[in-house]
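Please look over the sequence and the model before reading on.

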Amino acid sequence: SQLSELLNVEFYGEWLGLVAEFTTKSLLSWQWASNSVYYLLSLWSRLVTSVPYLKGDTPSLLDETVPKITEGFITSRINSVQASFADNSPDPDNPLENAESLQDQLESLPYLCRFKYESCSLFIINIMEPLLQAYTARSRLPASGDAAELSVIEGQIAWMVHIIAAILKIRQTVGCSQDSQELFDAELAARVLQLINITDTGVHAQRYQEISKQRLDRAILIFVQNFRRSYVGDQAMHASKLYARLSELLGLTDHLVLLNVIVGKIATNLKCYAECEDVIDHTLSLFQELASGYMTGKLLLKLESTKFIIANHSRENFPFLEEYRCVRSRTNFYYILGCLVFMEDGPVKFRSFMEPLLQVAVNLEASADAAFRTDVVKYAFTGLMRDLRGIAMATNRCIL
């Protein structure tokens with residue numbers, strides 16, 4: 001490997017020290033060196049992924065160096081929120097709102113974190129715990145509290161959730177047994193699963209229009225997506241240590257209980273985000289991924305949270321259906337519900353599911369011709385067509 005060749009170079013230790021110093025300074029100077037982070041972390045990830053292929057006794061010196069780089073990156077992201085993202089307004093330069101920039105910064109990080117996973121996970125937990133405590137305390141205070149301070153807390157937690165999501169996306173066992181890895185994954189995941197309850201209670205449940213709250217919920221959705229792919233569904237059969245630890249920490253005994261938490265968050269987002277198209281689309285993307293899998297789709301139908309969505313898909317329960325900016329999301333929403341309904345061979349359930357849409361059609365039929373020139377009736381008709389299109393797409397999928 002390239003690392004083997006580097007170890008044979010006389011001044012390897014000096015070179016590694018200089019690169020580590022340069023990386024640390026670049027991370028601290030995040031305002032001016034953000035474009036360099038991707039390349040620097042890529043270099044370190046290539047070094048650590050080469051360690052298993054090393055031969056001989058020459059020390060790589062990475063055991064001491066890499067944890068410092070990892071901690072430096074995490075600390076710098078936390079500090080960046082405090083320094084420049086305290087305002088609660090859209091900012092295209094903020095990586096928390098720029099998916100491409102965020103992906104670049106986090107792509108190589110999991111390999112560094114898992115290199116010395118025990119110490120890294122402990123470092124992350126020691127940052128997360130005080131943030132969660134502060135966020136929980138703020139949920140009990142009046143909404144008129146310090147908005148800037150709350151925005152900073154949410155930004156810092158959002159960074160930590162994105163970091164945990166990136167780690168859980170990649171399961172690598174270098175220097176760590178499979179069982180140990182599952183235990184550390186459980187410790188990190190538990191903090192984010194605990195966060196889901198906090199985001200939707202107390203004063204936080206009134207703040208769905210706040211930019212910082214939207215950033216945080218987008219981070220949670222990405223975490224759930226990555227965690228689900230690794231540990232929910234078919235993969236759950238190979239994750240006994242993880243669920244044993246989650247049961248001890250949160251009472252989540254198996255993947256069905258965890259799935260209920262996930263669908264509960266999906267339902268909350270669809271109920272509460274009436275105008276934020278981005279969060280609605282992220283939420284529906286996760287919902288569709290769950291419903292599209294044969295095994296997870298069948299599991300979804302057992303959950304009370306799923307049954308509620310199927311039985312109560314009205315605009316009163318899901319206000320985004322009335323928002324014109326979210327009109328394209330309606331087709332996807334009804335495609336997902338259609339897929340779930342058609343998994344069960346039940347004509348009675350199907351007729352019950354279609355009743356609210358039939359009522360809309362009846363109301364439109366009773367409207368005067370002149371009313372179809374008004375925006376209200378135009379939107380009702382267009383929305384109904386989009387809803388029916390989604391259901392029709394689901395029938396096509398089931399036939400195939």
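**Overall make-up**

The structure is a predicted model. The protein contains 18 helices and zero strands. Of its 400 residues, 49% are buried. Among contacts with a separation of 6 or more, 75% are between residues 24 or more positions apart.

**The nonpolar core**

The largest nonpolar core has 118 residues, and those touching the most other members are Trp 44, Leu 62, Ile 124, Phe 223, Phe 227 and Phe 333. Helix H8 (residues 147-169) provides the largest share of this core, with 14 residues.

Trp 44 illustrates how such a residue is surrounded. Residues up to four places away in sequence aside, Trp 44 touches Leu 16, Val 19, Ala 20, Thr 23, Leu 62, Thr 65, Val 66, Ile 69 and Leu 112.

Thr 65, one of the residues touched by Trp 44, belongs to helix H4 (residues 62-84). Its relative accessible area is 14%, and Thr 65 is therefore buried, the cut-off being under 20%. Beyond its neighbours within four places in sequence, Thr 65 is in contact with Leu 16, Ala 20 and Trp 44. The C-alpha atoms of Thr 65 and Gly 17 are 8.1 Å apart, although 48 residues separate the two in sequence.

Thr 70 also lies in helix H4. This residue is buried, with a relative accessible area of 3%. Apart from residues up to four places away in sequence, Thr 70 touches Leu 109, Leu 112, Cys 113 and Cys 120.

Where do the buried residues of helix H5 fall when seen down its axis? Helix H5 (residues 99-106) has Leu 102, Gln 105 and Leu 106 as its buried residues. Viewed along the axis of H5, these residues fall within an arc of 85°, so they line one face of the helix.

In helix H10, Leu 216 is buried, with a relative accessible area of 0%. Neighbours within four places in sequence aside, Leu 216 is in contact with Tyr 135, Glu 154, Ile 157, Ala 158, Val 161, Leu 195 and Thr 199. The C-alpha atoms of Leu 216 and Ala 158 are separated by 4.7 Å, while the two residues are 58 residues apart along the chain.

**Salt bridges**

The whole structure holds 21 salt bridges.

| Pair | N to O distance |
|---|---|
| Glu 21 and Lys 25 | 3.2 Å |
| Arg 114 and Asp 185 | 3.1 Å |
| Lys 213 and Asp 217 | 2.8 Å |

Glu 21 and Lys 25 are four residues apart in helix H2 (residues 12-28), so about one helical turn separates them. Glu 21 is partly exposed, with a relative accessible area of 41%.

The salt bridge between Arg 114 and Asp 185 links distant parts of the chain: Arg 114 is in helix H6 (residues 109-115) and Asp 185 in helix H9 (residues 178-199), 71 residues apart. Both Arg 114 and Asp 185 are buried.

Lys 213 and Asp 217 share helix H10 (residues 211-231), where they lie four residues apart, about one turn of the helix. Both Lys 213 and Asp 217 are buried. In general, an α-helix has 3.6 residues a turn, so residues three or four places apart point the same way.

Salt bridges also join into a network, which links Glu 129, Glu 187, Arg 191, Arg 245 and Glu 248.

Which residues make the nonpolar surface patch of about 310 Å²? The patch is made by Phe 372, Phe 381, Met 385 and Leu 388. Leu 388 is found in helix H18 (residues 375-399), and this residue is partly exposed, with a relative accessible area of 32%.

How values were computed:
Residues are numbered from 1 along each chain as its sequence is written. This is a predicted model: local features need pLDDT of at least 70, side-chain atom pairs count only at pLDDT 80 or more; totals for chains, interfaces and linings use all residues. Side-chain values use heavy atoms; hydrogens and water are left out. Buried means under 20% relative accessible area, exposed over 50%, partly exposed in between (1.4 Å probe, protein chains only). Helices (H or I, at least four residues) and strands (E, at least two) are DSSP runs, numbered from the N terminus. The arc is that of the directions from the helix axis to the C-beta atoms. A salt bridge is a side-chain nitrogen of Lys or Arg within 4 Å of a carboxyl oxygen of Asp or Glu. A nonpolar core is a set of buried Ala, Val, Leu, Ile, Met, Phe, Trp, Tyr and Cys residues joined through side-chain atoms within 4.5 Å. Contact means heavy atoms within 4.5 Å. Patches are made of residues with over 30% relative accessible area and no salt bridge: like charges are joined within 9 Å, nonpolar side chains (Val, Leu, Ile, Met, Phe, Trp, Tyr) within 5 Å. Accessible areas come from the Shrake-Rupley method with a 1.4 Å probe; for residues, only the protein chains shown count as cover.
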